[in-house]
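Notebook open, structure loaded. I want to go through the pocket, then some helix packing.

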Amino acid sequence: MTILLTPRLRLEPMADSHLDGLFEMNRDPEVMRYITGKPDTREDTQLMIERVKARWAEWGYSWWTFIERDSGLIVGAGCVQHIGRDRANPHELGWRLRRDRWDRGYASEAARRMTAFAIDELRAPQLVAFCDPDNAGSAHVMTKLGMRFRAIEHWYDFDGALYGMTAEEWRASPASRQAADEIAASGSGAGAAPQSPPTK
């Protein structure tokens, strides 16, 4: 399993030790507004972790927990998976953040690093992202990455906006150059995940 670093974040494969911090985020109705439409129970978050661990074992990629490097706090989560959770479909990028870390550029910073991983390490020929049409914040992150709106499609039981880009479009984008600079500044590219202590 692979750890990713950005200047401000450490992306660790989601683990049982992250439960408290992830639940604290997922129980916020505003965080979950455009994801499931309702706050998680603790059991919901635990089940998510179990599903994610199984995908890491099967695919070698899935959801990471975002840990703020300065504080050690869990501040978000994000993924490279397949849209519809079907490996026959294109690779998909996703993320969520604690509300008190919104508007700090964390989503874009993590999304750039996950995109670089998907394109450079997994050799994904394209990458998509999906959001509620009213979720202007996520759509803004997608367009900053270099993605373009493709269509309104039905995934995850609702009609949403699908954005996407090819690997060639990513490599030609300003976000790709920024990601390369951030990877160099972070002190490491990608590495195997060691056993880590619980974080909140």
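This is a predicted model: local features need pLDDT of at least 70, side-chain atom pairs count only at pLDDT 80 or more; totals for chains, interfaces and linings use all residues.

**Pocket lining**

Next I asked which element gives the largest share of the lining. It is H5, with seven residues.

I looked up the volume of this largest pocket and got about 1,400 Å³. I count 49 lining residues for it, and those nearest the centre are Ile35, Trp95, Arg96, Asn135 and Ser138. By type, the lining splits into 22 nonpolar, 10 polar and 17 charged residues.

**Helix H1**

Is H1 (residues 19–26) mostly covered or mostly open? Mostly covered: I find six of its eight residues buried. I wrote them down as Leu19, Gly21, Leu22, Phe23, Met25 and Asn26. These buried residues pack against H2, H3, strand S3 (63–68), S4 and S5.

**H4 against H7**

I then checked how H4 sits on helix H7 (residues 174–185). The two pack at an angle of about 90°, and their axes are 9 Å apart. H4 and H7 are therefore roughly perpendicular to each other. On the H4 side, I listed Glu109, Arg112, Arg113 and Ala116 as making the contact; on the H7 side, Ala175, Gln178, Ala179, Glu182 and Ile183. Sorted by type, the residues of this contact are four nonpolar, one polar and four charged.

How values were computed:
Residues are numbered from 1 along each chain as its sequence is written. Side-chain values use heavy atoms; hydrogens and water are left out. On a 1 Å grid over the protein atoms alone, a cavity is a set of points where a 1.4 Å probe fits but cannot get out, and a pocket is an open set with protein on both sides within 12 Å along at least five of seven lines; lining residues have an atom within 4 Å of a point. Grid points are joined across faces, edges and corners, and a volume is the space filled by probe spheres set on the points. Helices (H or I, at least four residues) and strands (E, at least two) are DSSP runs, numbered from the N terminus. Ala, Val, Leu, Ile, Met, Phe, Trp, Tyr, Cys and Pro count as nonpolar, Asp, Glu, Lys and Arg as charged, and the others, Gly among them, as polar. Buried means under 20% relative accessible area, exposed over 50%, partly exposed in between (1.4 Å probe, protein chains only). Contact means heavy atoms within 4.5 Å. Axes are lines fitted to C-alpha atoms, for helices over the stretch in contact, and angles run from 0 to 180 degrees between N-to-C directions. Angles under 35 degrees count as roughly parallel, over 145 as roughly antiparallel, 65 to 115 as roughly perpendicular and the rest as oblique.
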